[in-house]
Amino acid sequence: MSVSNAMHYVLSLLRKRTVLWILFIINFLGSIYGFYWYKEQLALTEPKVLTLFVPDSPTASAFFTLVLLLYLCSRRSPLLEAFASITLFKYGIWAVVMIFWGAYLEVRPMMDSLSWQHWMLVFSHLGMAAQAILYAPFYTYGRREILIVAAWTLLNDGLDYGVDIHPWLALSLEPFDHVVGWFTLLLSVTTLLLFSIFAMLPSKWRSQDLPLPRSS
């Protein structure tokens, strides 16, 4: 199978309503679990207006859940696509790096420091990042949407590490939260550049046909 044929097969698979429903359910349930995961931090965050910026990963997956719902309804929202793809990729990668970085700094050997919960989070967050990339050919956002999401993302980073509302870190990582902050900023800029490139791809690589036939 050639590369082009493989890409065509993957794109046709991603358009199928069955696949979209499966991903919608997974992301919907994952978002609920993610918000539950943050319940203690949300309860302790003051002032309450800042809670909007606390649950990073579940907010990203919730945005993508809405994007999938729109696709199922044969609709699009360029702004939602931009929010979902950029935050989904960023926080998917961020969480995986934090988990392994924290385990590496533990006194015990790194692999011994990782529990089943860590591995569950690793695979779920890698799945988040993978979804953001796989659906890139379907996105319809442009420069305006990128700029809006960039403003939100950088504001979120500033609040996370400026007023200390970032996701709680492993105890082994706490002494390095300033380094984590700079890494997060670098990851944000890298992600914004990556998805800006997607926005500039030739039209033949983007905006794959929607609406989806209900028989697919």
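A residue counts as buried under 20% relative accessible area, exposed over 50% and partly exposed in between, using a 1.4 Å probe and protein chains only. The model is predicted: local features need pLDDT of at least 70, side-chain atom pairs count only at pLDDT 80 or more, and totals for chains, interfaces and linings use all residues. Residues are numbered from 1 along each chain as its sequence is written.

**View 1. Asp-164 in the loop between α7 (143-162) and α8 (177-199)**. Helices are DSSP runs of H or I with at least four residues, numbered from the N terminus. Asp-164 has a positive phi near 60° and is not a glycine. Because its relative accessibility is 53%, Asp-164 counts as exposed.

**View 2. Ser-74 in the loop between α4 and α5**. Phi of Ser-74 is positive, about 60°, although the residue is not a glycine.

**View 3. Pro-47 in the loop between α3 and α4**. The peptide bond joining Glu-46 and Pro-47 is cis, with omega about -10°.

**View 4. The largest pocket, with a volume of about 1,100 Å³**. A pocket is an open set of points on a 1 Å grid over the protein atoms alone, where a 1.4 Å probe fits, with protein on both sides within 12 Å along at least five of seven lines; lining residues have an atom within 4 Å of a point. The volume is the space filled by probe spheres set on the points, which are joined across faces, edges and corners. The lining has 44 residues, and Trp-37, Ala-95, Ile-99, Leu-121 and His-125 lie nearest the centre of the pocket. α6 gives the most to this lining, with 11 residues.

Conventions: Side-chain values use heavy atoms; hydrogens and water are left out. Helices (H or I, at least four residues) and strands (E, at least two) are DSSP runs, numbered from the N terminus.
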